[in-house]
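Subject: Structure for you to look at

Hello,

Here is the structure we talked about. Please open it next to this email and follow along.

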Amino acid sequence: MLTWINEKAKWIIILFAAGIVVGLLAMDRVPNQGHSYPIGVVNDKKISYSEFDSRIKLITQNQYQGQHLEDEQYTQLRTEVFQSFVRQILLGDLYEKAELQASVAELESEFSRNPDGVRGRLVQEAQNRLYAIQQQATSQEDLMQRSQAYIASLPKFLTDSTFNKEEYDAWLKTPEAFKWGVMLQYEENLKTSTIPARQLQALVGASVHPTSLEATWAAERRMTEYDLKVAVANGADFAVDENTVDSVMVAGYYNAHKDSFFVTKDMAQFEYAYIDIKATEGDDARIREYAMTLYYQLTDSSATTTFEDMARISSEDPGSRDEGGILSGEAGKGLYVPEFEKAALALDSGAISEPVRSQYGYHIIKSYGKSKDSTGVELAKVGHILLVVNASSETIDSLESVLNAVKSSVDAGKSFAEAAKEQGLESKTSGWLSRGAEIEGMGYLKGLSAYAWPNENLPPEASKVSPVMKSNKYVAIALKVDDLKAGDRSLKLYFNSIKSKLLSAKASAAAEAYLNSVAEKVKAVNPEDSTTAVEKVSVESKTASVDGYVPGFGYSNANFAKAVKNAKVGEWTSAIATDNGAVMIKVESKKEPEAEALKAAVKNDVANVSGYAATALFNEFVNEIEASTPVVNNMDLFYRD
């Protein structure tokens, strides 16, 4: 691995540096370096912009390797990184209050138990050192001597093809081990995060220990199998008129269950109007003109630029650009659109075509020779330079001017719907959206969250309408018409879901009544004989446990567990209403687990379930702390999301 890196270091450095530049350009970072606001504050502890930005850069370099990210991806990344800082601070406070710290024995154990993680970090630092040697070398001979001397100084377990755990453990006990920067960083991470987190999780989950009696009950319940006949009346066949549930009924249900309808995030609702971003005839003509310029340059006998070099620079086909435009498949097999294949097959070997228009844009095609397959079909090995026809900045500016006219009319006193109609646009109303959410069908709109929830440190906008926002396909403006605060209870937010629930309950009640009315017919049904079928009822045989899937009930359904517990073997139950309709079941036989299998399952549950439960409890504990801690988020002072 290290030998390969040493040989390829120059190209790795070039690609790595290029990736960093591309990544920073793609980030669309617009921090206001003139102000001194932190990017966030948690429990009076500030998250500095420099720390935040450093972590963003590190992630984009390591995980995305300089590839272009869309605005939505960067927004999501920044949100996740911000949340990681919040959690880091909150957990740090808890570690300090509980006086949690890593012991020397715990650190030594962690290093010894995780050789792969340590070796990965050491290899990364060794690679960086080889890059530095590459840069500092004064000649090829100097480079080889210094590189070989450095590689010879590395611990044997790092360079040997076979890993020796004993050598690794011995190395950990030497002072040399902690002369590596990555070892010091890893040790610091273990001391301040990994080990205290494990200790805190043990404290939080200390009470989670199932007794053998509880484990036996759970295992026996899970492992008991029932041979069933199941009759299902699907609620969809008994759908009721929407008018049978009115706003009074919805409000009544809401008032009876208010604590079930909390607003978990700040939400807003918008009126909005948008225009599709489409290339015009003028845009098409400009791209064709540019394509012709490339064609003339490539066919100029005095030109020094090759087709392959031009493809790497200019082509917008990511699948072939890095290969100099050369396509992996041959034309003539129907792999490509007809107009492309026709032009490709018409070229002599080495010839280059004039720009060919397809649904993907303009193609400049080069032939690398023809052949025939076993059936005599003519094929051609080709490459292409693809120029995509997109809307120009002038086209987008003209679309934005239409939306700005709507905005001006609203600010002058007209309703949003009237102002949009004047410009030939339709006004729509969004559903309830939280920060970072998308208006249905439009994709991510950069600036929507910043408009809806402006930072208190920013001056108020002159207009009550949003600035023009863009996605990959649309330009849009929005007017916030309503909002909800996290922690409130809201009938408006849950109105439709409550109504749907009540309608579903009515349909299930109708299915239950019907199933009871045809119960005697159902009992006579033979699933193998279609002549005994009952209208609107499906009957099938099924073997399942209470944790398995049962038609009409779904997976691990409490209603099924209750029904099968009370059912008598050989007898049908009465109809049972479910979320999906109504069900009757007949337990034909019951198979309990064998004693040895049950004993093994109980032993496993006692050993493992407490660990799973403790982890779940710890995650819930941390999530509740995060949800209940006031956090100042100033990201919109730095990024227009």
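Predicted model: local features only at pLDDT ≥ 70, side-chain atom pairs only at ≥ 80, totals over all residues.

Residues are numbered from 1 along each chain as its sequence is written, and side-chain values use heavy atoms, with hydrogens and water left out.

The whole protein

The protein has 21 helices and 17 strands. Both are DSSP runs numbered from the N terminus: helices are H or I with at least four residues, and strands are E with at least two. The protein is more spread out than a compact globule, because its radius of gyration is 34 Å, well over the 26 Å that the globule rule gives for 641 residues. The radius is taken over C-alpha atoms, and the rule is 2.2 Å times the number of residues to the power 0.38. Along its principal axes, the C-alpha trace spans about 90 × 75 × 70 Å.

Of the 641 residues, 40% are buried. Buried means under 20% relative accessible area, exposed means over 50%, and partly exposed is in between (1.4 Å probe, protein chains only). The protein exposes about 36200 Å², and carbon and sulfur atoms supply 50% of that area. Accessible areas come from the Shrake-Rupley method with a 1.4 Å probe, and for residues only the protein chains shown count as cover.

Among contacts with a separation of 6 or more, 70% are between residues 24 or more positions apart. A contact means heavy atoms within 4.5 Å.

There are 67 positive and 89 negative side chains, and the centres of the two sets lie 2 Å apart. Lys and Arg count as positive and Asp and Glu as negative, with His and the chain ends not counted. Each charge is placed at NZ of Lys, CZ of Arg, CG of Asp or CD of Glu.

Strands around β11

Two strands pair if DSSP finds at least two bridges between them. Strand β4 (residues 267-276) runs antiparallel to strand β11 (residues 474-484), and 10 bridges join them. In this pairing, Ala-273 stands opposite Ile-477 in β11.

Strand β10 (residues 469-470) also pairs with β11 in the antiparallel sense, over 2 bridges. Lys-470 has Val-475 in β11 as its bridge partner. Together β10 and β11 form a hairpin, with 3 residues between them.

Glu-99 sits in the loop between α3 (71-97) and α4 (104-113). Its phi is near 55°, a positive value in a residue other than glycine. Glu-99 counts as exposed because its relative accessible area is 68%.

Ser-556 lies in the loop between β14 (554-555) and α20 (558-566). Its phi, near 45°, is likewise positive in a residue other than glycine. At 45% relative accessibility, Ser-556 is partly exposed.

Lys-179 is in the loop between α8 (165-172) and α9 (181-204), and is exposed at a relative accessible area of 60%. From Lys-179 to Asn-164 is 15 residues in sequence and 21 Å in space, C-alpha to C-alpha.

His-257 is in the loop between α11 (247-256) and β4. Its relative accessible area is 33%, so His-257 is partly exposed. His-257 and Ile-625 are 368 residues apart along the chain, and their C-alpha atoms are separated by 25 Å.

Regards
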